[in-house]
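Thanks, everyone. Let me walk you through one model, starting with its sheet and ending with a helix pair.

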Amino acid sequence: MTETEIIMKRKPNLFLVGAAKSGTTAMDTYLARHPDVFMAVKEPHYFATDLLDASRPGRQWERYCRIFAPAEDQKVVGESSVFYLYSKEAAQNIRAFNPDAKILIHLRNPLEVIPSHHSQNIFEGNEPLEDLQDALAAEEDRRQGKRLPEHVWNLVTCYRDFVRFHDQVKRFMDEFPRDQVKINFFDDLKKDTRAVYQDTCRFLDIDPDIDAGFEVMNPNKKMRSKKAMDLFVRNPPPWLSAIARTIMPLESRTALKAKIKKMNTAKPKRDPLPADLRAELKRELAPDVEKLSRLVDRDLMHWVS
């Protein structure tokens, strides 16, 4: 069976998108434990055509098809790609691919997303400016293609743009019928994880009473050793990569990198935003939050009050 035949047989009908650290990882994990759901490997970002160059692995059709090959007869076949929300083309591309797909959007207070996303970028090696205020000050240059980290989409380091959610959500609501779009909020997920999960199951027309564990997922992370991460995970020297490719299959190399990454990860509590920066961001983001509140018919102004 060809890759195209695979995906056309088990075409994805759920796309989980959202803000950084908004519960997308948790919901992906919980849904994957449901017998009626198949969730593919996370973050292919195939439909974010404005963000991924066609030469990147994530933009290869055959590779995208293969991540759904293990799906069997599950009612829901899905994938999670958080940057679909930010992408200006993903909603339209997904609709063209499967107009009957359901869209699950996860949102979080933008004043929590910004430091969380910044911290994750540092951990992943995508952000050289470890002081958040320095990173925010660099945004205008980065929008012009300056001061960008190497090999990183500029979107992941333009933090204010990343959390202006109104236009991002509206793109999906414009492309899909309202009954095919569900929005979950991190505050609700944190307060009553089981209730949000069960409501999501009802949205997907699957049994809401399957227990999914509900442990905390994707906490704040910090590297124990930047040198170890660079050497073995992010930027291994060519000679080391060549040896690894010779003696280890791809699956084993991926598993080893994940193990090294886990061993090199600490989970400290994140420092709060400085009061003056918090006040500045509230003023800047309030108009977008007000528009988002009207769009989703929920008062979210406590985010910026």
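Two strands pair if DSSP finds at least two bridges between them. Helices (H or I, at least four residues) and strands (E, at least two) are DSSP runs, numbered from the N terminus. This is a predicted model: local features need pLDDT of at least 70, side-chain atom pairs count only at pLDDT 80 or more, and totals for chains, interfaces and linings use all residues. Residues are numbered from 1 along each chain as its sequence is written, and side-chain values use heavy atoms, without hydrogens or water.

Now the sheet. It is open, with five strands in the order β2-β3-β1-β4-β5, and the pairing is parallel. On average, neighbouring strands are turned by 25° against each other, direction ignored. Angles here run from 0 to 180 degrees between N-to-C directions, and axes are lines fitted to C-alpha atoms, for helices over the stretch in contact.

Look at β1 (residues 14-18) and β4 (residues 102-107). They run parallel, joined by five bridges. V17 has I105 as its bridge partner in β4. Helix α11 (residues 193-203) packs on the sheet and touches β4 and β5. Its direction makes about 175° with that of β5. Contact means heavy atoms within 4.5 Å.

Next, the helix pair. How far apart are the axes of α9 and α15? The answer is 8 Å, at an angle of about 25°, for α9 (residues 165-175) and α15 (residues 275-296). So α9 is roughly parallel to α15 (under 35 degrees). From α9, the residues in contact include F165 and M173; from α15, they include L292 and V296.

Terms used: Parallel < 35°, antiparallel > 145°, perpendicular 65-115°, else oblique.
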